[in-house]
Every structure is written in structure tokens, then in C-alpha cells.
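Subject: The two-chain model, with notes

Hi there,

Here is the structure I promised to pass on. Please have it open while you read, as my notes follow below.

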Amino acid sequence: MTSALTLNHYLIVSGLLFALGIAGLILRRNALVIYMALEMNLNAANLALVAFSKFNKIVDGQILVFFVIAIAAAEVAVGLAIIVALYRRKQTVSVDQLTTMKL
Amino acid sequence: MNVHDILFWFFSIAMLLCGLFVIASRNPVASALFLVLLFVFLAGLFVLLEAFFIAAIQVLVYAGAVMVLFLFVIMLLDIKASERRKFNILGVIGAFSVAGAFIWELDIILSRPVQPLAGGGEELRGGLEQIVKPLFANYMLPFEVTALLLLVAMIGVVLLSKKELK
């Protein structure tokens, strides 16, 4: 069984997922959806890391993904706590209305 | 075209479609549910790459814990679906130029032959023992620092969710 898939296939999928995440970051105004787009970016990086790990036969990429997932879990907890605290104060999560620090 | 290739195309296309729906749907609950699907399809891609442990923790941690947290906060905050709005023309131009630059970069990088890294050992089998051995030998310090970081994050969340910061 020979597979025609190369490293480039996985890297292109990863790049497209990253581009979608960036588009979400730029276009959306809901802080929670922006956060989800950020998670998509992290996952695109994870896919690239696992693909490199597989095609170079080095396990370190998968260990790095393990750490990324652990850090992302901590990051989501803190970020959502910040969003909840913001909502409690301003009654909105739209980044258009959170302009206190804007000059 | 064998089963492996067909599964790759299925998972990739389904994952990218889910990603599109995540950023396109106006209801945040729908976005979150499409993100769960995206994580599951990504776990499928990890299985195809023979990273079974990573696929398992992808489903357990991301699709399980993280997304439950997301949905919990969405329900808690009672967010209405965002209304249709006019796009800022400058924002659209900026988004497309960023995406174009990114694809251009990807094209340059992928057109060059990739040198295999030195030090590649035996074939990865994706089981636990191949990951865990270096994790507890070479990566002991980062592992412990991660534990500390999770503790700090937990304390930070408790502090942030208090009614009055004193």
C-alpha cells in the first residue's frame, strides 16, 4: 500500500486552516468568536508540527504539540475568565464597544 | 487512490469547511459546535499521521474540556447573534492582502525541496512509549514548568472571577 500523500499536502491544509483563522481574527467582532479563530490558528500549527514529526521520523514534534495543547487549555481558561469579567462590567463582548483604551 | 488518501481528502475538506462555518456563522453557539467538529476531523488527520496519542488528547482536551468551557461561557453570557453589518472596505483590503501574502509565502516555501532533518530514528509507531520516554527524559523541565503554569492559570482564573478585586 503506497500512499501518494507528501508532507506538502499536510502543510497546505495546515496553511489554509491558519489562513481561515487569521480571516476570522480580522473579520469578526465577537470576542468569543475571535477566541475560537485563535484556537484554529493553534491547531493549524499543531497539524504542521505533527506532519513534520511523521515525515522526518522525529518524535519531538509530537511532544511539542502535547505542550501546545496543555498551554492552550490554560490560555482558554484565563481568556474566558477575562471575557466574563469584561461582560460583567460592560454588558457586551463586541470588540467594537470595548474601546476604553482607545485614544 | 487507496483508503488512506480518500480519508485524507475527506478529513481535510470537511475540516476546512467547518473552519469556514466557524468564522461565517452569526450565532456563536453554531460557531462553537462547528469548532468541535473541526477538532474531531483534525483528530482524524492526526490518526492518519499515526500520532494516536495526540489524536486522543485532541479529542479529550480540545473537543471535550475546552469546548465545554466555551459553550458554558456562551450560555452564561446570553449573547445574541451578531447582526449583519457593513464591512469596512479598508479591513477587507487588509484581510485579502494578508491572505495573499501568506499564500505567496507558502508557495515560495513549498516550491523548494524539503531537506529531511538529521537524527531521524526508527519509524514512528505513534504509541505511548515512543512519546513518553523523551517526555520524561529530555523534556522533564518543560513538563514541570507546564504544571506550574497550569497552577498559575488556575489561580488567575479564580482571582479574575471574583466579584470585587481586592
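To start with a question: what covers the buried residues of H3(B)? The cover includes H2 and H3 of chain A together with H2 of chain B. Please keep in mind that this is a predicted model.

**Helix H3 of chain B**

The buried residues of this helix are Ile54(B), Ala55(B), Gln58(B), Tyr62(B), Val66(B), Met67(B), Phe70(B), Val73(B) and Ile74(B). One of them, Met67(B), is also where H3(B) bends by about 30°. The helix has 26 residues, and the distance from its first C-alpha to its last is 36 Å, close to the 38 Å expected at 1.5 Å a residue. Just after H3(B), Asp78(B) has a positive phi of about 55°.

**The nonpolar core**

The largest nonpolar core has 63 residues, and the members that touch the most others in it are Leu32(A) and Leu47(A). At least two residues of this core come from each of H1 (7-27), H2 (31-56) and H3 (60-90) of chain A, and likewise from each of H1 (3-24), H2 (28-48) and H3 (52-77) of chain B. H2(A) gives the most, with 16 residues. As background, nonpolar side chains tend to be buried together in soluble globular proteins.

Leu32(A) has contacts in both chains: leaving aside neighbours within four places in sequence, its partners are Ile83(A) and Val93(A), plus Pro28(B), Val73(B), Ile74(B) and Ile79(B). Val73(B) and Ile74(B) are also among the buried residues of H3(B).

**Phe46(B)**

Is Phe46(B) buried or exposed? Phe46(B) counts as buried because 27 C-beta neighbours lie inside 10 Å, and the cut-off for buried is 20 or more. Phe46(B) is found in helix H2 of chain B. Not counting residues up to four places away in sequence, Phe46(B) touches Val50(A) as well as Ala51(B), Ile54(B), Ala55(B) and Gln58(B). From Phe46(B) to Ala56(B), ten residues apart in sequence, the distance is 9.1 Å, C-alpha to C-alpha.

**Where the chains meet**

Across the interface, 59 residues of chain A are in contact with 65 residues of chain B. On the chain A side, the elements that give two or more residues are H1, H2 and H3. H3(A) gives the most to that side, with 21 residues. By class, the side of chain A that touches chain B has 44 nonpolar, nine polar and six charged residues.

**Further along chain B**

The domain assignment of chain B gives domain 1 (1-82) and domain 2 (127-166), and their C-alpha centres lie 24 Å apart.

Thr146(B) lies in helix H6 (residues 140-160) of chain B. Why does Thr146(B) count as partly exposed? Thr146(B) has 16 other C-beta atoms within 10 Å, whereas a residue needs 20 or more to be buried and 12 or fewer to be exposed. Leaving aside neighbours within four places in sequence, Thr146(B) is in contact with Phe67(A), Ala70(A) and Ile71(A). Thr146(B) and Leu135(B), eleven residues apart in sequence, are 12 Å apart in space, C-alpha to C-alpha.

Best wishes

Notes. Residues numbered from 1 in each chain as written. Chains lettered and ligands numbered in written order. Predicted model: local features only at pLDDT ≥ 70, side-chain atom pairs only at ≥ 80, totals over all residues. Core = buried A, V, L, I, M, F, W, Y, C linked by C-beta atoms within 7 Å. Helix = DSSP H or I, 4+ residues; strand = E, 2+ residues; numbered from the N terminus. Contact = placed C-beta atoms within 7 Å. Expected span 1.5 Å × (residues − 1). Bend = angle between axes of the 7 residues up to and from the residue. Domains from an automatic or database assignment. Nonpolar A, V, L, I, M, F, W, Y, C, P; charged D, E, K, R; others polar.
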